[in-house]
Amino acid sequence: MTHDKAIELDKQYMMQTYGRLPLVPAHGKGARLTDEDGKVYIDFTSGIGVNSLGFVDEGWADAVTKQLWKIQHFSNYYYSSPTGEVAEMLVKASGMKRAFFGNSGAEANEGAIKVARKYSYDKYGKGRATIITLCSSFHGRTVTTLAATGQDVFHDFFFPFTEGFKYVPANNLDALKEALTEDVCAVMAEPIQGEGGVNILTDDYMKALRSITEEKDILLILDEVQTGIARTGMMFGYQYSDILPDILTLAKGLGGGLPIGVFMVGEKCEATLSAGQHGTTFGGNPVAAAGAKEVLSRVCDDKFLFEIRDKGEYIRGRIKAWDLPNVGEIRGRGLMIGIQIKGESPKDVLHRAFDNGLLTLTAGSDVLRLLPPLTISYDEIDDGLTILKKSLESEG
Ligand SMILES: *Cc1c(COP(=O)(O)O)cnc(C)c1O
């Protein structure tokens, strides 16, 4: 299909919920994408942190197609071999005890919220169902996860939202302590706020968050849908602060490009949900699981993780050294990078980069966000950075 035809069909037949850029991907390899017109882009987005191993990684494509030729789907009334292996790998890597597979980040967070509320109901009865989340957080697009999201712009139109959420500013312990009233059953947070602007929760805050919640038997839910699966240069963001959550959610990078999400529970909530209390038709799909198994077998590796941290430092260091007037703070860990843009909207920079052949993202109101594939090579990084520099310099 031609470039123009694909765009025309979208405009005529699809809900116009996105302001899309005029790119129709044809094929990709590594961090390079070719569109239907033959234009080549360097990809600093991984499809929003999804394609952890880049486009069409050989081992990944092999693992997925092999499973596809065996069986594509059965149901959760039976056992699934690749899915169980993914659960084992995740449990061993995370320190959590058990996994429940779904298909997306929002769905994983919905599950986490259900577990937290049921745990509290079983132990303390009614009236202890409030969940505290952080300002500038993002937890998904369902009615409940929108309510969990600590940004006013997401709290319009779709009333009534799910009750029982309240919001406190990130990295502010006093505000948190004040909010921990008798009705609270859980605190939910991203170790680095992704959509909200690549805002890192400090290690001190994370540690205090853990000890304060532990003390009151309030569950700590970490939403690592974006930060998890090696994105930050550790398997999970909480490993930077040496703590364990009670509930962990993962999705984006786990399947390497196929839809899979998971919520995991630690010791406390191991038996909170029993038969019939949660379910899904598609969750735990063996093809998605085969992709996840390949991703995990590659990224759960000290050398691989070190390289992610190294590449992240290299990128941040290079950008900093340009010393450009429209660049403010450069934040992030590993290959989750936020560049604060001054004097114009980060969308302006994104558009110039796009025209020049580089794909980037934004976050919050003033941040250009980079989520390159975890396998990106230094050559690909350098090519992308050359375009980024040119795009930042051509301001106005
Ligand atoms: C993307 C994201 C979600 C939502 O995931 P979907 O797969 O789009 O439902 C939730 N939480 C965080 C932190 C995310 O980055």
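Biologist: Taking a salt bridge as a side-chain nitrogen of Lys or Arg within 4 Å of a carboxyl oxygen of Asp or Glu, which side chain meets Arg369 in one?
Modeller: Glu195 does, at 3.0 Å from N to O. This is a predicted model, where local features need pLDDT of at least 70 and side-chain atom pairs count only at pLDDT 80 or more, while totals for chains, interfaces and linings use all residues. Residues are numbered from 1 along each chain as its sequence is written, and side-chain values use heavy atoms, with hydrogens and water left out.

Biologist: What are the domains of the protein chain?
Modeller: Domain 1 is 3-56 + 302-393 and domain 2 is 71-299, with bounds from an automatic or database domain assignment. Their centres, over C-alpha atoms, are 26 Å apart.

Biologist: How many residues does the contact take from each domain?
Modeller: Counting heavy atoms within 4.5 Å as contact, domain 1 gives 27 residues and domain 2 gives 28.

Biologist: And how much area do they bury between them?
Modeller: About 2,300 Å², 60% of it on carbon and sulfur atoms. Buried area is the accessible area (1.4 Å probe) that two parts lose on being put together, summed over both.

Biologist: Which three residues supply more than any other three on the domain 1 side?
Modeller: Leu53, Arg333 and Met336, with 32% of the area that domain 1 buries against domain 2.

Biologist: Back to salt bridges. How many are there between domain 1 and domain 2?
Modeller: The count is two.
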